[in-house]
Amino acid sequence: MIKEKIINNIKTIRESKNLTADYIAQQMGISQSTYSRKETGESDFSLTELIRLGEVFEVSVSKFIDMDLARVINQYHAENTTSNTNNNIEHQVVSDEGYKAAIEQYKAENEYLKRQNDALLSAMMVEKNKGA
């Protein structure tokens, strides 16, 4: 079920941005047929590919898991940073599976960002040592 949701969200985002499957395949460095197999569910996206898709789409990778979940979480944070006196707020229920998937995605994004940060720090050290 989560796989279908991810694939559906990827396709929805791609279409909403008026991007073709061929363009996305080029950006990912794979053939259009390979990309099409992934978007139809015949083949799986790797975590690296999902991260690259997020970069191409200019969205957080968490959007692929559940766009509604991201909206619910953002709404929750917004409501909790403002007055909570309105008892008539309609709360949405998010399944445990959705939260677990979001948590795993956030962990993966965090690891990716840590690796990017480490690479940047290493590059800065190399440049600094060149100047010394």
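1. Secondary structure. The protein in this predicted model has seven helices and zero strands. Followed along the sequence, the pattern reads α-α-α-α-α-α-α.

2. Burial and surface. Of the 132 residues in the protein, 30% are buried.

3. Contacts along the chain. Take the contacts in the protein that have a separation of 6 or more: 63% of them are between residues 24 or more positions apart.

4. Helices α2 and α4. Two packed helices are described by the angle between their axes and the distance between the axes. Helix α2 covers residues 21-28, and helix α4 covers residues 47-57. The two pack at an angle of about 115°, and their axes are 10 Å apart. The crossing of α2 and α4 is right-handed. On the α2 side, the contact is made by Tyr-23, Ile-24, Gln-27 and Met-28. On the α4 side, the residues are Glu-49, Arg-52, Leu-53, Val-56 and Phe-57.

5. Glu-49. A polar atom of the Glu-49 side chain lies 2.8 Å from the backbone nitrogen of Ser-46. Leaving aside residues up to four places away in sequence, Glu-49 touches Met-28, Lys-38 and Asp-44. Met-28 belongs to α2 and is among the residues that make the contact between α2 and α4.

6. The aromatic pair. How many aromatic pairs are there? The count comes to one. The ring centres of Tyr-35 and Phe-45 are 6.0 Å apart. Their planes stand at 65°, and planes over 60 degrees apart count as edge-to-face, so this pair is edge-to-face. Tyr-35 is in helix α3 (residues 32-39), while Phe-45 is in the loop between α3 and α4. The two residues are 10 residues apart, and the pair links distant parts of the chain.

Key
Residues are numbered from 1 along each chain as its sequence is written. This is a predicted model: local features need pLDDT of at least 70, side-chain atom pairs count only at pLDDT 80 or more; totals for chains, interfaces and linings use all residues. Side-chain values use heavy atoms; hydrogens and water are left out. Helices (H or I, at least four residues) and strands (E, at least two) are DSSP runs, numbered from the N terminus. Buried means under 20% relative accessible area, exposed over 50%, partly exposed in between (1.4 Å probe, protein chains only). Contact means heavy atoms within 4.5 Å. A polar contact is a pair of N or O atoms within 3.5 Å; within protein, one must be able to donate a hydrogen and the other to accept it, and residues adjacent in sequence count only if both atoms are side-chain atoms. Rings of Phe, Tyr and Trp (its six-membered ring) pair if their centres lie within 6.5 Å; planes under 30 degrees apart count as stacked, over 60 as edge-to-face and the rest as tilted. Axes are lines fitted to C-alpha atoms, for helices over the stretch in contact, and angles run from 0 to 180 degrees between N-to-C directions. A crossing is left-handed if the near helix is turned anticlockwise from the far one by less than a right angle, and right-handed if clockwise.
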